[in-house]
Amino acid sequence: MASEESHLTAMLLTSILAVVLGSLQIGYHTGNVNAPGKIIEEFFNHTWRARHNQSMPDHSLTLLWSLSVSIKDLGALLGTLGVKYLADSYGRRNSILIVNCLSVVGACLMSASKASKSFEVLILGRLVFGLFCGLVMSLNPLYIQEVSPTNLRGAFATLNQVSFASGILVGMVASLETVLGTEHYWAMMLSLSLIPALAQYLVLPFCPESPRYLLINRGEESNAEAALLRLRGSTDKVFAELKEMKEEAAHAESGVTTREFFKKRSYKQPIIIVLVVNLGSQLSGFNAIINYSTRMFQAKFDQAKYLTLGVGAVNVTFTLVAFFLMERAGRKRLLLTGFISIAVCNLLMTIVDSVLHLVPELRSLQVLLVFCLISAYELGPGPISWFIAAELFDQPGRPIAMAFTSMLNWGGKFVLALLFPPLLKVCGVYIYLLFMTVALLAFIFTWIRLPETKGRTFDDIAEEFRGAEGIPLHNKAGFNTFT
């Protein structure tokens, strides 16, 4: 096992901060479409009227706006298909630099839609940006996990979610009518993600490639040693980690195809764990609240947009809390705390919503429950669901596992965005009971099956799943995975 001392260096921190500029861009374009929706819908209508001398029918306008919002998630789903090829062919760092051009192209298209008087350009821009989302939210945790020392790995992986949540808040602020969410400036607002995109091009090329990729995938020991020395700054630490990497390489196969990934016996348990943790995170109500928070609050409060900003602020605050707790409490404990808290919040939201017409004063309690649910999600399920796969799989399976994670996350977001409005009409306030059930099932499975990965090397974790049965019980370092 690698040394437990802190390995934080300026180069390591710079590398990770440069990488998470990608998730900042994704968060920005997640948070900036909520508030100015009506203004952009009017642009659609005006463009249609200029072409056809009549207004667009209301149902067509609603459908077109829904397509504009959801096509980013569809693009992200498609983007996940390229993760393994890029990560294994060009390396982790270089792949992030390559896909960053999709963000630049997407932002340029979105901001050019107003000048070109074409809503099709806006939709195409969001589709291209969606491809970037699917790729970078897999590649980022992959790079971060592989360059980070064992004792800081989870905390640094959480920075990806901190950056994403910060982007959402910045997007919410930028899209306010008092800032850039106006008829004149909305196109410029959509172009602001170019700033972190260009900043990444200025910094990331000077950061090292993943030493694990160089040694295990490419067999370039001298280059891996040089990269590790830049990241750790100490020769002693480099030799200890190189030894651990070589041990992992000795157990690893040369390569795994997608078909072999899903058929391999030792991968079955990790695949099921990743499936349950990710779907449990995405289908437990958080995304519905983030997407529809302004509309939920508008029915009850005059300043709904500012309450939505509160949602964004709570989101950022608790990702930071998760960052500081990740290496102290561990992944499993934070996941269990998050899932059970989400279940309780959903139950209480059902009760409060059911009696709200009788006791209108409870609307403030409803807002508090929304904030509590968001904080519970970001405390564990939110950040951990994005990186847990990178810890459960060995080097050959890790890129496919991260693509699988991204597919589940973006697929869950897409399905929920599609099904939440009709389910809300059918189920009413009892829709929160569905979310509660999902959270409880995820809690039970996590409690029974998930091994704790805090403070353990990749090879140590993978060793648990190499047995004939592939069911984790106790590992060689003496960790009890069920407590």
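The model is predicted, so local features need pLDDT of at least 70 and side-chain atom pairs count only at pLDDT 80 or more, while totals for chains, interfaces and linings use all residues. Residues are numbered from 1 along each chain as its sequence is written, and side-chain values use heavy atoms, with hydrogens and water left out.

Helices (H or I, at least four residues) are DSSP runs, numbered from the N terminus. Axes are lines fitted to C-alpha atoms, for helices over the stretch in contact, and angles run from 0 to 180 degrees between N-to-C directions. Contact means heavy atoms within 4.5 Å.

Take helix α7 (residues 119–147) and α20 first. Their axes come within 9 Å and cross at roughly 50°. That angle is why α7 and α20 are oblique to each other. A crossing is left-handed if the near helix is turned anticlockwise from the far one by less than a right angle, and right-handed if clockwise. The α7 and α20 crossing is right-handed. On the α7 side, M137, P141 and Q145 make the meeting; on the α20 side, W386, F387, A390 and E391 do.

Now helix α4 (residues 58–79) and α21. The two axes come within 9 Å and cross at roughly 155°. α4 and α21 are therefore roughly antiparallel to each other. Their crossing is left-handed. From α4, the residues S70, K72, D73, L74, A76 and L77 meet M407, W410, G411, K413 and F414 of α21.

## Aromatic pairs

Rings of Phe, Tyr and Trp (its six-membered ring) pair if their centres lie within 6.5 Å; planes under 30 degrees apart count as stacked, over 60 as edge-to-face and the rest as tilted. By this rule there are 15 aromatic pairs. One of them joins F43 and W186: the ring centres are 5.0 Å apart and the planes stand at 55°, so the pair is tilted. F43 lies in helix α3 (residues 37–52) and W186 in helix α9 (residues 186–191), so the pair ties together parts that are 143 residues apart in sequence.

Are these two residues buried or exposed? Buried means under 20% relative accessible area, exposed over 50%, and partly exposed in between (1.4 Å probe, protein chains only). F43 counts as buried at 10% relative accessibility. W186 is buried too, with a relative accessible area of 1%.

A second pair joins Y267 and F393. Their ring centres are 5.2 Å apart and the planes stand at 70°, so this pair is edge-to-face. It links distant parts of the chain, 126 residues apart: Y267 is in the loop between α14 (258–263) and α15 (268–282), and F393 is in the loop between α20 (381–392) and α21 (398–427). Both Y267 and F393 are buried.

F43 and W186 also belong to one aromatic cluster, together with F44, W65 and F119.

## Charges over rings

A charge sits over a ring if NZ of Lys or CZ of Arg is within 6 Å of the ring centre and within 35 degrees of the ring normal.

| Charged residue | Ring | Distance from ring centre |
|---|---|---|
| R51 | F119 | 5.0 Å |
| R153 | F458 | 4.6 Å |

F119, under R51, is one of the aromatic cluster members.

## Individual residues

N100 lies in helix α6 (residues 92–116). N100 is buried, with a relative accessible area of 0%. Leaving out residues up to four places away in sequence, N100 touches Q25, F132, A197, Q200 and Y201.

S210 sits in the loop between α10 (194–203) and α11 (211–217). S210 is buried, at a relative accessible area of 0%. With residues up to four places away in sequence not counted, S210 touches R92, Y143, E146 and V147.

P383 lies in helix α20. P383 counts as buried at 1% relative accessibility. Which residues does P383 contact, leaving aside its neighbours within four places in sequence? They are T158, Q161, A322, M326, Y377 and E378. P383 and M11 are 372 residues apart in sequence and 23 Å apart in space, C-alpha to C-alpha.

L320 lies in helix α17 (residues 304–329). L320 counts as partly exposed, at 36% relative accessibility. The C-alpha atoms of L320 and E378 are separated by 8.8 Å, with the two residues 58 apart along the chain.

Technical notes. Helices (H or I, at least four residues) and strands (E, at least two) are DSSP runs, numbered from the N terminus. Angles under 35 degrees count as roughly parallel, over 145 as roughly antiparallel, 65 to 115 as roughly perpendicular and the rest as oblique.
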